[in-house]
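Hi,

Here is the structure I said I'd pass along.

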Amino acid sequence: MSVYLTVRDRQPYHSLLADYEPGQRAMSALETHHGNVETTVEDLWSQTQGPPEFSRGRKLWDTLIKVLREELCGDEGLQAQFQTYTKNPGSAPLLTGLIVSLTTAAGLPIDPAISTIVVLYILKISLNVFCEYTASS
């Protein structure tokens, strides 16, 4: 099942990420893929890491979400950053700080544009839903 960020979901972030180059790359890639989060992440990954190679039947998105869930859902600092941004969603510095924190917390070679996509997805569904929903992945 594909995950999407609709035009309406993406709209507020264009201006918030206007001065953040990885955010602009992420938004452009989302537009190219009509808001499909999974194909956007795969495309951005391929641009920096080459085509993803996983065992049969596994997808990059599923693997990435599993790894990030382990990092995010147990990290009180990142949880606090999500809560702080949620209380002030018009703050570009809080949003870019959250993206940078996700990029460094994962301990993976994640491009900040990919982190941007993940953060926008989590903001759409909420961190609590992300942690609970992806627990079975």
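This is a predicted model: local features need pLDDT of at least 70, side-chain atom pairs count only at pLDDT 80 or more; totals for chains, interfaces and linings use all residues.

Residues are numbered from 1 along each chain as its sequence is written, and side-chain values use heavy atoms, with hydrogens and water left out.

Helix α3 covers residues 37-49 (helices are DSSP runs of H or I, at least four residues, numbered from the N terminus). Val 37, Glu 38, Thr 40, Val 41, Leu 44 and Trp 45 are buried there, meaning under 20% relative accessible area with a 1.4 Å probe, protein chains only. Viewed down the α3 axis, these buried residues fall within an arc of 160 degrees, so they line one face of the helix (the arc is taken from the directions from the helix axis to the C-beta atoms). Their cover includes α2 (21-32), α4 (60-72) and α7 (112-125), counting heavy atoms within 4.5 Å as contact.

Now the disulfide (a pair of cysteine sulfur atoms within 2.5 Å): the count is one. Cys 73 is joined to Cys 131, S to S 2.0 Å. Cys 73 sits in the loop between α4 and α5 (76-87), while Cys 131 is in helix α8 (residues 127-133), 58 residues apart. The link is left-handed, with -100 degrees about the S-S bond. Cys 131 counts as buried because its relative accessibility is 12%.

Cheers

Key
Helices (H or I, at least four residues) and strands (E, at least two) are DSSP runs, numbered from the N terminus. The expected span of a helix is 1.5 Å times one less than its number of residues. Buried means under 20% relative accessible area, exposed over 50%, partly exposed in between (1.4 Å probe, protein chains only).
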